[in-house]
Amino acid sequence: MIDPRGREPNEAASAADVPYLRAIPRPTPWPIVTAFGCTLLFAGIVTHIFVSVVGGACAIIGLIGWFRDVFPHEAVEEIPVVGCEVPLPPPEFAAQTAGVRETRRVVPEAIHPYRSGVLGGIVGAVAMAIVACAWGLIDERSIWMPINLLAGILVPSVGDASIEQLKSFNGAWFAAAAVSHAVLSVLVGLVFVVALPMMPRRPLLAGGLIAPVLWTGIAWATLRVVNPTLEQYISWPWFLASQFAFGFSCGAIIARFNLVRLQVGQSIAQRLDLDSSGDSNGGAS
Amino acid sequence: MRTTSEPIALARMSRAKVGMASLIFMESAFFAAFLVTYLYYIGKSTSGPQPIECLDRGPVLFNSACLIASSFTVVLAVRALARGAIGLFRVWLLVTVLLGFEFLAGTAIEWSGLVTAKGLTIQSNAFGTTYYSLVGFHAFHVIVGLLMLVGILVLSMFGCIDPRRDHARVDVATWYWHFVDVVWIFVFLLVYVVGRVPQGGGL
Amino acid sequence: MTSITGHKQGSPVQPGGFWEAVARWTLSVDHKKLGMMYIGAGLVFFLIGGLEAAFMRLQLARAENTIIDPETFNQLFTMHGTTMVFLVGMPVLLGFGNFLIPLMIGARDMAFPRLNAFGFWLFIFGGALLYFSYIGSEGLYGAPGAPDVGWFAYAPLTSRTFSRGNSTDYWILGIMVSGFGSMTTAINFIATIFCMRCPGMKFMRMPMIAWMMLVVAGLVLVAVPVLTAAQTMLLLDRSLGAHFFDPETEGSAILWQHLFWFFGHPEVYILILPAFGFVSEILPVFSRKVIFGYALMVAATVGIGFIALGVWAHHMFVVGMGPELDAFFGASTFLISVPTGIKIFNWLGTMWGGRLRFATPMLFVTGFVAMFVIGGLTGIMLATVPMDWQLSDSYFVVGHFHYVLFGGTVFGIFAAIFYWFPKATGRMLDERLGKWCFWLLFIGFTLTFMPMHISGVLGMPRRIYTYEADRGFEIWNLISSIGVPVQMAGVLIFLWNVVRSLRKGEVAGDDPWDAWTLEWSTTSPPPEWNFDRIPTCTSARPLWDRKHPEDPDAHYE
Ligand code: HEM
Ligand SMILES: [Cu+2]
């Protein structure tokens, strides 16, 4: 099957402007001669002026030859294939069908709604704060201690503070801690929204148990190098407990929301289909 | 069922135009480095001839006017070629080339004045170094552009330029000339306007 | 065997004598031949540069070693760095661009085939000029010697006062000439991608490699002229007595650093983006899945291209630029890790849930992703200004950039060679030897470069020809040096693999990997005109559409 447009007379006229339709460029010595000349031209600077002169001559000869290769007509060789100037017509496609095929699967195929992540992040933040403050009150006899330590990720001077300062209220530090705690919690909640459905088997287990353990491990391993002063104050069992508190509460909240199927990897027909059938596909999985 | 409704025509941009545009883009980066360097050294020369003593705006304004005018004459030449008026094309192209030569001659006169009367060389100080290299590289590009234009002029004298066939190519070649022109505007502003500061008076 | 475009499979061996063959290659303007010559010449330089590195590691294997004297050592690291960046990385990647772009966008050749040949020969002659310095230059004591000012040639080391003779001029001219070659090639890439795409090949249907090469070409056009300009100034300083970079006479050594790194940082992205392209083509095929987030990938590539122009001074934190500039360049460098991270996650997303097949190209690609992540993370560490003050100019930096350049670019190149060798030659590379090659290179690479992070943190400066005993450096340097013969074994096996497979490798057929881009729709090797009939493109995976009319990508755009 040949597309009729390939044969219209005015098309053929403009096809002359299309390079390499019926022919390809012919091999030529002039580019290499010109390149050699140019190099010698420069090499003369570090050797002898004579080299530059020879190089310049070479380059000029090369350029003239090159020019004659392209002017007035490009030197070409015919392609020995009949009909090579007609593009291959596109294949004929079957009608669109429903169902996502294996090779188009994206992971995750469905996620929890984003608002569940925000909500889960807030609830997790509160749960974590309760555990952390409990540590402050029980072990350190100061509710400000965990808050000030948290401020340390934004405010470098916390690292130099004395233990008394760490145990007393500081407005700026409190604000820094509150803001970073809120932002980080919500961000992690949003990550959970996408990540939990990708976890094999029991998502809540992964979110509530494995992620906190991993994270605590990383923090434990790096903090002693990155910020040793801060590290000496931290009680790792309590740290782990507060991570569990966050993971479980955040995960539990998010898991209460049904999964929403993503439209990535679906054909246009399927997406249109989804639209017409309303929200019915956004349900459980 | 055939679902691709697009035509399978070969609609293309001109490779000459894209190539020339890329070349100009590249050359702009080259000049940008020299311009920034010039800017960096303005007012840094503490000894030797200073820009305010050396740079006389009078002749250079005339030279600049010639160069800028040549951009217009070359447009007239291309238009003439597009209409097939080969004689007119030759005339305007000749005018362009002469204007370009005037610019080069002007630069040569200015330089020899600077070297002999003012004692400014590339070795004098940072001003001499940056001035000669920036203006010199621009002049070098003017020479390259002029060679192209002279080449076209000679070809057309021998009747090798066919308006219908070659009009587009000549047009693209003149882009380079416009580029050289535009660069000069930047060089002029930087060297003769911004950079004419008294001794030690940097930006 | 007949290909989809109807061309009969030709034999890779063409008739004619030796000189005819030489003429066929040197006079050729065929983008495939030029691409293969680029890659072949780049590999030769790779062996030379590797040998230089091996000598350095030999010298550094023990404390207070005396195998190599300090002057030679300076020449070795200068030539090693210069060779690997300008004569291996650039030409091999541009060579792949040359070979692949027309085939992938369904064109018969580049937009300017003669310019293409011109650029290639400039690279060859420029490289030859650089290496001619070993015998032709006047070095330090009048005897010939290679350049010894480091690959970034900091002023005022390069001034007449400190660099006698003309070896530095050889460095300038050799790199400048091959730089002209790179620039003409970049112009060619842009014109080809804009003007030579086959019918239906819209921009958003182009293979990722074409996108990456387009961005690379843009970066070359912005960055390399700045290097050329800086080198011109240096040449004027050295030969005409100008004062650009000589601090004793109103010049500024810092200006050289700014100009050089304004080129230098985009350059490292010029070296990594094509490798990103290889990964983005190979990963989906060996995961049997569509690439995850094509549009985002394109956006990230273009984003990297722009941000890469605004981070150069992170190489200059220790010259004392002041807190504002330090903060700005630290922040912009952090910013670049966002699009880079997007790419990593897109690749992982592509692999996730796919049917992975770990043939050699896939092994290298997987190695790439893992090693590049490590290199990227150490890069982030270096972009943290106080950390950089501690680690700059130490072996930690050497560790960082070898993770991105060897673990990244070189692994990417090997993946690409294993993947496209069948297309270029009609024969498969041997899988068993390929796996040996990968594991030896991977283990040798880790042995050599992982310890450099530690010796760097311990305070070992880079570019020293020897070090005192009992400073804690010995063991790490010894391990680094032990890695070298392991890598060498890997490279030798690779060379043997190429030689053997060229003669008796398994015949590949048109499409040995069951891939989806247009180069696999013609014969292996392709005819000189690439396609008997110009293909038409219906989606980002045109060949998939032809193979699967029941489920074409065209339905998903
Ligand atoms: C995540 C992205 C990256 C970041 C944040 C980064 C950051 C840095 C920093 C801050 C330095 C300067 C270290 C110093 O000299 O004190 C550096 C050096 C270097 N980087 Fe990267 N880098 C990144 C990716 C890459 C890539 C992809 C490449 C190349 C493929 C690369 C190649 C180099 C090289 C060659 C040097 C050393 C130059 C020299 O001093 O000789 N980097 N990098
Ligand atoms: Cu950098």
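The model is predicted; local features need pLDDT of at least 70, side-chain atom pairs count only at pLDDT 80 or more, and totals for chains, interfaces and linings use all residues. Residues are numbered from 1 along each chain as its sequence is written, chains are lettered from A and ligands numbered from 1 in the order in which they are written, and side-chain values use heavy atoms, without hydrogens and water.

The model scores ipTM 0.93 and pTM 0.89.

The copper ion (ligand 2) is coordinated at 1.9 to 2.1 Å by three histidines of chain C, listed below. Donors are N, O and S atoms within 2.8 Å of the metal (3.2 Å for Na, K and Ca); water is not among the atoms, so sites may look incomplete.

| Residue | Donor atom |
|---|---|
| C:H265 | ND1 |
| C:H314 | NE2 |
| C:H315 | NE2 |

The donor residues are spaced H-x48-H-H in sequence. The iron atom of ligand 1 is 4.4 Å from the copper ion (ligand 2).

Between chain A and chain C, 58 residues of chain A are in contact (heavy atoms within 4.5 Å) with 56 residues of chain C. The count between these chains is one salt bridge (a side-chain nitrogen of Lys or Arg within 4 Å of a carboxyl oxygen of Asp or Glu). A:E74 forms a salt bridge with C:R114, with the closest N and O atoms 3.1 Å apart.
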